[in-house]
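Here is a short report on one protein model. Please look over the sequence and the fold before reading on.

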Amino acid sequence: IGTSSEVIAKNNPGRTNLTIVNLSSNTLYLSPLDTASTTNGILLGSGGGALALNYWDDLIQPTLEWHAIASGSSSAVFVIEATIL
């Protein structure tokens, strides 16, 4: 992830779980359905900040398209999802 907002997880109506972990030394911001920015996003701290969503607790949030932006270029991010068939 870089310093311009980009899609990190595309819309998927079959997704039941989504976990995003910030592996970089930069701050990461996430936003559902809209461009992420430092003033419009969920902050994930450097070195392990994470967001975990599941259908049972968060309803449709795991299925949405998620955008990310970082405070520095080439920021490593881990994304894992579970979907139903």
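The report goes from overall fold to sheets, then to surface and loops.

## Basis

This is a predicted model: local features need pLDDT of at least 70, side-chain atom pairs count only at pLDDT 80 or more, and totals for chains, interfaces and linings use all residues. Residues are numbered from 1 along each chain as its sequence is written, and side-chain values use heavy atoms, with hydrogens and water left out.

## Overall fold

The protein has 1 helix and 7 strands. Helices (H or I, at least four residues) and strands (E, at least two) are DSSP runs, numbered from the N terminus. Along the sequence the pattern reads β-β-β-β-β-α-β-β. The radius of gyration is 12 Å, close to the 12 Å that the globule rule gives for 85 residues, so the protein is as compact as a globular protein of that length. That radius is taken over C-alpha atoms, and the globule rule is 2.2 Å times the number of residues to the power 0.38.

The C-alpha trace spans about 35 × 20 × 20 Å along its principal axes. Of the 85 residues, 39% are buried. Buried means under 20% relative accessible area, exposed means over 50%, and partly exposed lies in between (1.4 Å probe, protein chains only).

Two strands pair if DSSP finds at least two bridges between them.

Strand 3 (residues 28-32) pairs with strand 4 over 3 bridges, in the antiparallel sense. L30 stands opposite I42 in strand 4. Y29 has L43 as its bridge partner in that strand. Strand 3 is also joined to strand 6 (residues 66-70), by 5 bridges and again antiparallel. There, P32 stands opposite W66.

Strand 2 and strand 5 pair over 5 bridges in the antiparallel sense. V21 stands opposite A50 in strand 5.

## Salt bridge

How many salt bridges does the count come to? The count is 1 salt bridge, where a side-chain nitrogen of Lys or Arg must lie within 4 Å of a carboxyl oxygen of Asp or Glu. The side chains of E81 and R15 form this contact, at 3.4 Å, N to O. E81 lies in strand 7 and R15 in strand 2 (residues 15-22), so the pair ties together parts that are 66 residues apart in sequence.

The partners sit in unlike surroundings. E81 is partly exposed, at 40% relative accessibility. R15 is buried, with a relative accessible area of 3%.

## Surface patch

L23, F78 and I80 make a nonpolar surface patch of about 290 Å². Patches are made of residues with over 30% relative accessible area and no salt bridge: like charges are joined within 9 Å, nonpolar side chains (Val, Leu, Ile, Met, Phe, Trp, Tyr) within 5 Å. Accessible areas come from the Shrake-Rupley method with a 1.4 Å probe; for residues, only the protein chains shown count as cover. I80 lies in strand 7 (residues 77-83). I80 is partly exposed, with a relative accessible area of 46%.

## Loops

Most residues other than glycine have a negative phi. L33 has a positive phi, near 65°. L33 lies in the loop between strand 3 and strand 4 and is exposed at 59% relative accessibility. S74 also has a positive phi, near 50°. S74 is placed in the loop between strand 6 and strand 7 and is exposed, with a relative accessible area of 71%.

Q61 is found in the loop between helix 1 (55-58) and strand 6. Q61 counts as partly exposed, at 34% relative accessibility. Q61 and P13 are 48 residues apart in sequence and 9.9 Å apart in space, C-alpha to C-alpha.
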